[in-house]
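Me: I'd like to learn how to read salt bridges and helix packing in a structure. Could you walk me through it?

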Amino acid sequence: MRPLSIRDFLTKKQLADAQRLYNRNTGNFAEECAERIIAPDINQINKRLGRKNDPLFLAYVCEYAFDEAKKNV
């Protein structure tokens with residue numbers, strides 16, 4: 001099984017929205033991302049990934065990816 005990428009489950013618009021939310025640096029990115037971006041589309045995300053997922057877990061995946069990208073700039 002290959003590693004999960006946020007591009008595997010977020011659309012381009014969702015990815016841009018998540019990036020803007022991350023850049024706001026509110027201190028609760030994962031919770032806000034799960035609620036505002038991932039949860040409303042969780043059924044489609046589950047279909048794309050082929051399994052049932054927790055929106056908060058996927059939001060943590062996003063946060064980790066953004067944190068890692070920030071380190072590598």
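This is a predicted model: local features need pLDDT of at least 70, side-chain atom pairs count only at pLDDT 80 or more; totals for chains, interfaces and linings use all residues.

Me: Okay, salt bridges. How many does the structure hold?

Reply: The general idea is a side-chain nitrogen of Lys or Arg within 4 Å of a carboxyl oxygen of Asp or Glu. Here, the structure has six of them. Take Lys-13 and Asp-17, whose side chains pair up with 2.8 Å from N to O.

Me: Where do Lys-13 and Asp-17 sit relative to each other in helix H1?

Reply: H1 covers residues 12-24, and because Lys-13 and Asp-17 are four residues apart in it, about one helical turn separates them.

Me: And are the two partners buried or exposed? I mean Lys-13 and Asp-17.

Reply: Look at the relative accessible area. Lys-13 has 57% and is exposed, whereas Asp-17 has 21% and is partly exposed.

Me: What about Arg-48, which residue does it form a salt bridge with?

Reply: Its partner is Asp-41, and the closest N and O atoms are 3.2 Å apart. Arg-48 is partly exposed, with a relative accessible area of 38%, while Asp-41 is buried at 18%. Elsewhere, salt bridges with shared partners tie Lys-13, Asp-17 and Arg-20 into one network.

Me: Let's move on to burial. Why is H2 described as largely enclosed by the rest of the structure?

Reply: You count buried residues along the helix. In H2, seven of the ten residues are buried, so the rest of the structure largely encloses this helix. The buried ones are Phe-29, Ala-30, Glu-32, Cys-33, Ala-34, Ile-37 and Ile-38.

Me: What covers those buried residues of H2?

Reply: The cover includes H1, helix H3 (42-49) and H4.

Me: Now packing. How do I describe two packed helices?

Reply: You give the angle between their axes and the distance between the axes. For H2 and helix H4 (residues 55-71), the angle is about 120° and the axes are 8 Å apart. The two helices are therefore oblique to each other, and the crossing of H2 and H4 is right-handed.

Me: Which residues make the contact between H2 and H4?

Reply: On the H2 side you'll find Phe-29, Ala-30, Glu-31, Cys-33, Ala-34 and Ile-38. H4 brings Pro-55, Leu-56, Leu-58, Ala-59, Tyr-60, Cys-62, Glu-63 and Phe-66.

Me: How about H1 and H4, at what angle do they pack?

Reply: H1 and H4 meet at about 70°, with their axes 11 Å apart. Angles of 65 to 115 degrees count as roughly perpendicular, so that's how H1 and H4 are classed. H1 passes H4 in a right-handed crossing.

Me: And which residues of H1 and H4 meet?

Reply: From H1, Leu-15, Ala-18, Gln-19 and Tyr-22 meet Glu-63, Phe-66, Asp-67 and Lys-70 in H4. The residues of this contact of H1 with H4 split into four nonpolar, one polar and three charged.

Key
Residues are numbered from 1 along each chain as its sequence is written. Side-chain values use heavy atoms; hydrogens and water are left out. Buried means under 20% relative accessible area, exposed over 50%, partly exposed in between (1.4 Å probe, protein chains only). Axes are lines fitted to C-alpha atoms, for helices over the stretch in contact, and angles run from 0 to 180 degrees between N-to-C directions. Angles under 35 degrees count as roughly parallel, over 145 as roughly antiparallel, 65 to 115 as roughly perpendicular and the rest as oblique. A crossing is left-handed if the near helix is turned anticlockwise from the far one by less than a right angle, and right-handed if clockwise. Contact means heavy atoms within 4.5 Å. Ala, Val, Leu, Ile, Met, Phe, Trp, Tyr, Cys and Pro count as nonpolar, Asp, Glu, Lys and Arg as charged, and the others, Gly among them, as polar.
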